[in-house]
Amino acid sequence: MAGFRRGLIVCSGVGDGRAALELGLVLAQHSVGSLRILVVAPPLPASMLAYSSIFEKSLRDQLAQQTSAVASALGIEAACAPIPVTVEFDASPAECATRLAQRDDCELILKEVDGAGGRTGLAPVDLNILRLAPMPVWLARPRPIRPGGMRVGVAVDPLAPGLAAWGLALRMLRMGHELSRLGAFPLQVVSCWTYEYEAYLDRNPWFLRMDAAELQAAVRDADDDHCAALDRLLQEAGIDGPLRVNRIHGTAASRVPAFVEDSDLDVLLMGTSNKAGLRALLMGRAAEGILQSLRCSVLAFKPDESVPPGTRRP
């Protein structure tokens, strides 16, 4: 798969998972990466344990039929590369998926967004996978396959503190570039900026009176700092393909979802945090607002505290 050596597709085996299957099969065609599938079903009650083997066989048969149908629709010979399947009965799908992915050294988890039928945001099971999994997680939404491939976007903050944040942004940009090369659309980079006190000072004249010209100068300085940092980031990323850079004045929580909609993106790459808890789910304060407003697929990365050698933050 593009940029990933091993991927794990996670599904429940009951009607869902087609979007993740399509995505996994498409990505697997462009490298030597291997795939495996994890079916996580609820534990059977004690009174039905005698039927567990029958239930498991039914899940495997349904999945085999679905995989064959998806491969046929994509024009892929599924028979030439059978995908290993693991069936687990577990009440905690996120924990089960993370545990198996770590055991098998998977570099990517793919899962269809739970209850994706037209809704925005993410269900608790998907948020839990994002929180628990140390590797990138691709939460896929069903969308028609475009003749020109995927429209890929990357959301970055070049001013996020720390070397790990800088390394994460570089990794996402380079991965976004690799994914965009699978199609005919340019990579879309979106980065939001604000002057931290702009709205506050504008709405609280009795707290601090700042001259309008002074405020405008401060806003311009913030704009210049962001522009310069983003230029350095893109230069270090070394992207040599079609690229569109979108610097947007405003908060990421309000502007990124709107940008995704206007650009009709299929997937947005964005950074997550190694810290626990929903408020730490994304780097920056835009966390929950962005996730719960998106209608496209999300490929979420966590920062690597052991930043690769050579990575530098100007």
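This is a predicted model: local features need pLDDT of at least 70, side-chain atom pairs count only at pLDDT 80 or more; totals for chains, interfaces and linings use all residues.
Gln188 touches Val152, Gly153, Val154, Arg244, Asn246, Phe259 and Leu265, leaving out residues up to four places away in sequence.

**Around Gln188**
- To find Gln188, look in strand S7, which covers residues 187–193.
- Gln188 has a relative accessibility of 11%, so it counts as buried, the cut-off being under 20%.

**Around His226**
- His226 sits in helix H7, made up of residues 212–237.
- The side chain of His226 makes a polar contact of 2.7 Å, and the partner is the side chain of Ser191.
- Setting aside neighbours within four places in sequence, His226 is in contact with Pro158, Leu159, Ser191, Cys192, Trp193 and Arg247.
- Strand S7 runs over residues 187–193, and the contacts of His226 include Ser191, Cys192 and Trp193.

**Helix H5**
- Helix H5 takes in residues 163–180, which is 18 residues.
- From its first C-alpha to its last, H5 reaches 26 Å, close to the 26 Å expected at 1.5 Å a residue.
- Why is H5 described as largely enclosed by the rest of the structure? Because 14 of its 18 residues are buried.

**Two loop residues with positive phi**
- Most residues other than glycine have a negative phi.
- Asp105 has a positive phi, near 55°, and is not a glycine.
- You'll find Asp105 in the loop between helix H3 (93–103) and strand S4 (108–112).
- Asp264 isn't a glycine either, and its phi is positive at about 55°.
- Asp264 belongs to the loop between helix H8 (252–263) and strand S9 (267–271).
- With a relative accessible area of 33%, Asp264 is partly exposed, because that value lies between the 20% and 50% cut-offs.

**Cysteines**
- How many disulfides does the structure hold? It holds zero.
- Cys106 is at 7% relative accessibility, so it counts as buried.
- Cys192 is buried too, with a relative accessible area of 15%.
- Cys192 is also among the residues in contact with His226.

Terms used. Residues are numbered from 1 along each chain as its sequence is written. Side-chain values use heavy atoms; hydrogens and water are left out. Helices (H or I, at least four residues) and strands (E, at least two) are DSSP runs, numbered from the N terminus. Buried means under 20% relative accessible area, exposed over 50%, partly exposed in between (1.4 Å probe, protein chains only). Contact means heavy atoms within 4.5 Å. A polar contact is a pair of N or O atoms within 3.5 Å; within protein, one must be able to donate a hydrogen and the other to accept it, and residues adjacent in sequence count only if both atoms are side-chain atoms. The expected span of a helix is 1.5 Å times one less than its number of residues. A disulfide is a pair of cysteine sulfur atoms within 2.5 Å.
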